[in-house]
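This report is written for a reader who is meeting the structure for the first time.

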Amino acid sequence: MDHSKQTQYSQNEKKDAGASSSVLNGHFDGMAKRPAGGTGRAATAAAAQPPGAESSSHRPAASVMESWREERTRSVEDNEMSLPSLAAAYTTILRGLGEDPQRQGLLKTPWRAATAMQFFTKGYQEKIIDVLNDAIFDEDHDEMVIVKDIDMFSMCEHHLVPIFGRVHIGYLPNKRVLGLSKLARIVEIYSRRLQVQERLTKQIAVAITEALQPTGVGVVIEATHMCMVMRGVQKMNSKTVTSTMLGVFREDPKTRDEFLTLIRS
Amino acid sequence: TKTSKACQGLHRSGGYSKARMEYHHVSAKNGVADENQNAEKLSHIEKAYTTILSELGEDVKREGLLRTPLRAAKAMQFLTKGYKETIQDILNDAIFDENHEEMVIVKDIDLFSLCEHHLVPFFGKAHIAYLPNKKVVGLSKLARIVEIYSRRLQVQERLTKQIASAIAEALEPAGVAVVIEAVHMCMVMRGVQKMNASTVTSVMLGSFNDNAETRKEFLALTMQK
């Protein structure tokens, strides 16, 4: 394991994370967390938690915790056990909206909606280690590898409304390459959760880094947020683009340019 | 199909005044909502969402999810606000006597609705045309009619028919045509997961149904990209 490269990442991450020094502790422990008050979106909530008190918000939260750790908040059995209460919750919602849950079209909707929601959050059931373990190969290749236009579907954690878009991933291998579909599977694990696009981008980048220790990783996500399109400001054509550049993708502008040009074309 | 039988029924029964809005199972009352009742309903929905979040394995106390039940409940209410609106409210003032009998088309009306089977969005475009019979309607009212019916728990077939029937009842035109092309997230995000599939439904009433040339003209003007 090339420890110097890991330290290099940690320095970069520190710059990115600002005050949130607990992210790394000198090595990439893979905690993909937003720095406290970073985006300013949850300004009031962030103000209530000064950056130093990060540990108080450290209840192991499913979407914050890295799947590399052997923790999974949900199993297939859990799914079956939760179904009745999920269905009951959806029936309450239908009634609350003024609909008649007994009419033909809605009779089984609570169950269907519950199963659908469980599918949309199936990322909580999966671990990166399961998906990746066999598909890392030693290959003497150190040129950029890009997998682009990976369709991505996620759920906005603020409104529980879909987000969908495309993910472009590039990495510079350091003697280890990954099965290509595994990049798409990493996207699936993290996107099928209640997410925030910034966090999703970073989690994907961090997972690839932890798996391969490559020279650099770049992840760009372009997505449409239904919470902005269907309600609220109602801007039909708006797109949100986030990116995470790690290692040489961050250091070297030429590498980054090459990556960004190749994903555009 | 059921739709074409309904159209034939409309025709034989001598006009659109007989069109039954059979899917109006939720009738809007006075339009004046009882404030307390609304707040109570909102809190029921909010509690339901809190249950949902914890049953899905999430931590409801984490920062990003703290107010999500409330936001999701309000979002859901917004997405189903069509239940509270009536055609009469939005149309009454905007019907004008105009000596015009040529086709009027409003196309590419963005449409967002919720699948009533999975509570997942479907969205797309609606194209509406009518042949006025001395009465024309304000153009934006066609888009408002789409809004009223789409902001509900819907099935695309029913949505198309409701829009067509509403226009037919309000204006009594010589013909009405509605085409909706939509992408259903319940098919794209889950289930069969077909990214590029879209669903097209159409309702043709009056001359659009009888006269192939009229229908062709409408389709040529709207469906060509």
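A search of the whole structure, which is a predicted model, finds three cavities of 30 Å³ or more. The largest cavity has a volume of about 210 Å³, and among the 20 residues that line it, A:Met155, A:Leu160, B:Tyr49, B:Met76 and B:Leu119 lie nearest its centre. Two elements give two or more residues to this lining, namely helix H4 (109-120) of chain A and helix H3 (68-79) of chain B.

The table sets out both linings by residue class.

| Space | Nonpolar | Polar | Charged |
|---|---|---|---|
| Largest cavity | 18 residues | two residues | no residues |

Turning to chain B, its secondary structure comes to nine helices and seven strands, and of its 225 residues 48% count as buried. Among the contacts in chain B with a separation of 6 or more, 71% are accounted for by residues 24 or more positions apart.

Five strands of chain B form an open sheet with mixed pairing, in the order E5-E2-E3-E6-E7. Strand E5 (153-154) and strand E7 (199-206) of chain B each have a single partner strand, so they stand at the edges and one side of each is left without a neighbour in the sheet. Strand E6 of chain B, residues 175-184, pairs with E7(B) in the antiparallel sense over eight bridges, and B:Val176 stands opposite B:Leu205 in E7(B).

Two helices of chain B can be described together with this sheet. Helix H6 (residues 156-171) of chain B lies across strand E2 (104-115), strand E3 (121-131), E5, E6 and E7 of chain B, and runs at about 155° to E6(B). Helix H9 (residues 212-223) of chain B also packs on the sheet, where it touches E2, E3, E6 and E7 of chain B, and its direction makes about 135° with that of E3(B).

Terms used: Residues are numbered from 1 along each chain as its sequence is written. Chains are lettered from A and ligands numbered from 1 in the order in which they are written. This is a predicted model: local features need pLDDT of at least 70, side-chain atom pairs count only at pLDDT 80 or more; totals for chains, interfaces and linings use all residues. Side-chain values use heavy atoms; hydrogens and water are left out. Two strands pair if DSSP finds at least two bridges between them. Helices (H or I, at least four residues) and strands (E, at least two) are DSSP runs, numbered from the N terminus. Contact means heavy atoms within 4.5 Å. Axes are lines fitted to C-alpha atoms, for helices over the stretch in contact, and angles run from 0 to 180 degrees between N-to-C directions. On a 1 Å grid over the protein atoms alone, a cavity is a set of points where a 1.4 Å probe fits but cannot get out, and a pocket is an open set with protein on both sides within 12 Å along at least five of seven lines; lining residues have an atom within 4 Å of a point. Grid points are joined across faces, edges and corners, and a volume is the space filled by probe spheres set on the points. Ala, Val, Leu, Ile, Met, Phe, Trp, Tyr, Cys and Pro count as nonpolar, Asp, Glu, Lys and Arg as charged, and the others, Gly among them, as polar. Buried means under 20% relative accessible area, exposed over 50%, partly exposed in between (1.4 Å probe, protein chains only).
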